[in-house]
Structures are given as structure tokens and as C-alpha cells.
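Please look through this model with me, point by point. Keep the viewer open as you read.

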Amino acid sequence: MTFVRNFILALSIMVILLPAGAQQINQKIVEVDFKVEGGALVGHTSIIPHPGAKVERSLFYYLKTVGRTYSEKGYFVTKEISSLGAEHSSLELVSKLTEMGDSTRLSMGMDTTGLGKENFGKLNPQIGNLVKEFHQKIFVETLQEEIDEAERAAVVKSKNHQKLVSELRGLERKLELNAIEKEKLENSLVRNSNEKIELEEKTELNKKLQSLTDEDLQMINKRVEQLRQKLSSSNQ
């Protein structure tokens, strides 16, 4: 299981480290103008292939690593963004999410008022990089969740497998004991059959001997009676 986990993680890292052109298929990021509470913003947008609640939770934790972030109704505001340099620490980065069924549109940008076209031209690519970086982050998170889910399923399957193996061993042992008991019963039946034959033979012999004994007894009694009569006659 550890090998599979490490292999999948290695694949995910390889995907993330691919050249930007190779990632454009799954990570189309374009410049955009959008509005938040009536304010005009300029930045980048991208479609995240996940539902709004998942993207919102992941984006909030990501933005907290970028700068001081707080949540407004329908969007996030990030200040003190260290990657933009100290001279731009007062700028506010606005991130807006729009649900699109099973996907979510992420629009990330700034109010360019007072910045000047040249200054914002230098910052805008960095906003695009933040969107790209978040794409990579949620991709890895989702992959990790799938790995964790697969591992949990593997644990359950492994436990079920071990249970079945244990049950099989128990059943095989019962079959062995049953076979031994069957052999004992069969041997007992053979002995009982032999004993029955022997008892039947002895019974028949007993009956014959009994018949002969009865005949002998009758003859003896008859002879005794004859001798008594003879004795009685001789005494008269």
C-alpha cells in the first residue's frame, strides 16, 4: 500500500512540474475584467473542475498563505501580499468564486485605479501565477483525497479478506474434523454390522442348543419316570 501511495504521489508531482504549455489543457487561465460590489477589477480567471464549497474552502486556506486574508460576502480580500514586494503591500487582491454546476469559476484581480498601466502590467502576471498555483494546489489536494479514500477502501477490503481467510481456515478445519468423524462412524457401522452378524449366528446356535437341551431333558425325565415305576413295582 505504501508503494502505491508513493507511486501515485510521484506521478502527481511529475504532472505539476510539467512545462506550462503541457498543463494548458487542464488549466486554461485568461485575463479578465470583472466586478465585485460595483467595483471594476482586472486580473485572471480560470474554471476549477470542482463544486463551489470545496473550492471556497481550499481557496481560503491557500490565500492565507499568500497574505492577510478575510472573507466578505461572495469573495475574499487578501492584503500584505509578500510576493508583490514591499512597495505594493497596501494593494488588495480580490478573489471571487462563481458556481457553474459541478465546476467553479475563479476570478482573481485588483482595482487598478491609481496604479497606472505600466505598474499593473508588471503585477498582472503574478496574479496569473497565483491562479495557476491554486490550480496545482487543489489538484494535489484532490489527488490526495482520492489516495486517502482508496487507502481506506483497501484497509476495509484487507480486513474483509483476512476475515474470509480466517473463516476459510475454520471451515477447512471443520471439514477435516467432519471427515475424521465420518471415518469413525463408518468404522463403527462396520463393527456394528459385524457384531450384528455374530450375534445373529450366536442366537441361532443358542436356539439350536436350547432345542437339543429340551429334547435331552425330556428324555431324561422320561427315563427317570420309567425307573421310578420299575422301583415301585419291585417293592410290592
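1. Start with one term. A residue is called buried when its relative accessible area is under 20%, exposed when it is over 50%, and partly exposed in between. Lys-79 has a relative accessible area of 22%, so it is partly exposed. Bear in mind that this is a predicted model.

2. How many salt bridges does the structure hold? The count is 8. Three of them are taken up below, beginning with the one at Lys-79.

3. Lys-79 pairs with Glu-92 in a salt bridge, with 3.2 Å from N to O. This pair links distant parts of the chain. Lys-79 sits in strand β4, while Glu-92 is in the loop between β4 and β5. They are 13 residues apart. Glu-92 has a relative accessible area of 34%, so this residue counts as partly exposed.

4. Next, find Glu-80 and Arg-68. Their side chains form a salt bridge, at 3.4 Å from N to O. Where do the two residues lie? Glu-80 is in the loop between β4 (75-79) and β5 (93-100). Arg-68 belongs to strand β3 (residues 68-72). The pair is 12 residues apart and links distant parts of the chain.

5. Lys-54 and Glu-145 form a salt bridge, and their closest N and O atoms are 2.8 Å apart. Here, too, the pair links distant parts of the chain. Lys-54 lies in helix α3 (residues 52-66), and Glu-145 lies in helix α4. The two are 91 residues apart.

6. Lys-54 has 14% relative accessibility, so it counts as buried, the limit being under 20%. Glu-145, at 40%, counts as partly exposed.

7. Last, look at the surface. Which residues form a nonpolar patch there? They are Leu-205, Leu-209 and Leu-212. Together they have about 290 Å² of accessible area.

8. Leu-209 is in helix α4, which covers residues 117-235.

Conventions:
Residues numbered from 1 in each chain as written. Predicted model: local features only at pLDDT ≥ 70, side-chain atom pairs only at ≥ 80, totals over all residues. Heavy atoms only, no water. Patch = residues over 30% accessible without salt bridge, like charges linked within 9 Å, V, L, I, M, F, W, Y side chains within 5 Å. Areas by Shrake-Rupley, 256 points an atom, 1.4 Å probe, with all protein chains shown as cover. Salt bridge = Lys/Arg side-chain N within 4 Å of Asp/Glu carboxyl O. Helix = DSSP H or I, 4+ residues; strand = E, 2+ residues; numbered from the N terminus. Buried < 20%, exposed > 50% of the residue type's maximum accessible area, 1.4 Å probe, protein only.
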